[in-house]
Amino acid sequence: MNYDIELPNPFGFGIKISEIEDRLPSIGCEVALTLEFSRGVFSYSAKDIWFECSVLDEFLAQLKGLEAGIFCKAEFYDIDREIVLSFTKEEIDLSVHLIDSEIGTGHMEFKRGSDHDMVIQYIEHLEGFAKWW
């Protein structure tokens, strides 16, 4: 699948926009996550995940501030906070917390040391996304 926003390192995080809501403004998306380990692969995909456009803008600004040493944390999350991606100078943390009243709950968390090059890579990927808002 071709993604509108793709953050490939250290895991595959792809976002494909499927709907636009101008009132909030927000974007409805299909999301795919892939974590590759030496003994296997863990993947997650979901439809109908919504992100506020302002959160994406703020995440990019926070990453730039983190890179410049002004901020200590950058965070990107969907409206329901099921998917939360956060950066600090020391660590990148991705967590997915799912709640389904009929099935139950699930939680996945991935943590890894962060580095300056990864922050720059995320900034470049997000700046390459053609925003319309």
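Me: Two strands pair if DSSP finds at least two bridges between them. How many bridges join strand 5 to strand 6, and in which sense do they run?

Reply: Strands here are DSSP runs of E with at least two residues, helices are runs of H or I with at least four, and both are numbered from the N terminus. This is a predicted model, with residues numbered from 1 along each chain as its sequence is written. Local features need pLDDT of at least 70, side-chain atom pairs count only at pLDDT 80 or more, totals for chains, interfaces and linings use all residues, and side-chain values use heavy atoms, with hydrogens and water left out. Strand 5 (residues 73–77) runs antiparallel to strand 6, and five bridges join them. Within this pair, F76 is opposite L85 of strand 6.

Me: What lies between strand 5 and strand 6?

Reply: Five residues separate them in a hairpin, and R81 in the turn has a positive phi of about 55°. On its other pairing, strand 6 meets strand 7 (residues 91–100) in the antiparallel sense over five bridges. That hairpin has two residues between its strands, and S86 stands opposite D93 in strand 7.

Me: Is strand 6 mostly covered or mostly uncovered?

Reply: Buried means under 20% relative accessible area, exposed means over 50%, and partly exposed lies in between, with a 1.4 Å probe and protein chains only. Strand 6 (residues 83–88) is mostly covered, with five of its six residues buried.

Me: In what order do the strands of the open sheet come?

Reply: Four strands make up an open sheet in the order 1-2-3-4, with antiparallel pairing. Strand 1 (5–7) and strand 4 (40–52) are its edges, each pairing on one side only. Angles run from 0 to 180 degrees between N-to-C directions, and axes are lines fitted to C-alpha atoms, for helices over the stretch in contact. Direction ignored, neighbouring strands of this sheet are turned by 15° against each other on average. Inside the sheet, nine bridges link strand 2 (residues 12–21) with strand 3 (residues 26–37), and E21 stands opposite S26 in strand 3.

Me: Which strands does helix 1 touch?

Reply: Contact means heavy atoms within 4.5 Å. Helix 1 (residues 53–68) packs on the sheet by touching strand 1, strand 3 and strand 4, and its direction makes about 120° with that of strand 4.

Me: How is the packing of two helices read?

Reply: Two packed helices are described by the angle between their axes and the distance between the axes. The axes of helix 1 and helix 2 (residues 116–127) come within 10 Å and cross at roughly 145°. Residues making the contact include L56, F59 and L63 of helix 1 and V119, Y122 and I123 of helix 2.

Me: Which residues touch the most other members of the largest nonpolar core?

Reply: Such a core is a set of buried Ala, Val, Leu, Ile, Met, Phe, Trp, Tyr and Cys residues joined through side-chain atoms within 4.5 Å. In soluble globular proteins, nonpolar side chains tend to be buried together. Here the core has 38 residues, and F13, L85, F87 and Y122 touch the most other members. Helix 1 supplies the largest share, seven residues.

Me: Why is A32 classed as buried?

Reply: A32 is buried because its relative accessible area is 16%. A32 belongs to strand 3. Beyond four places in sequence, A32 touches Y3, G12, F13, G14, Y44 and S45.
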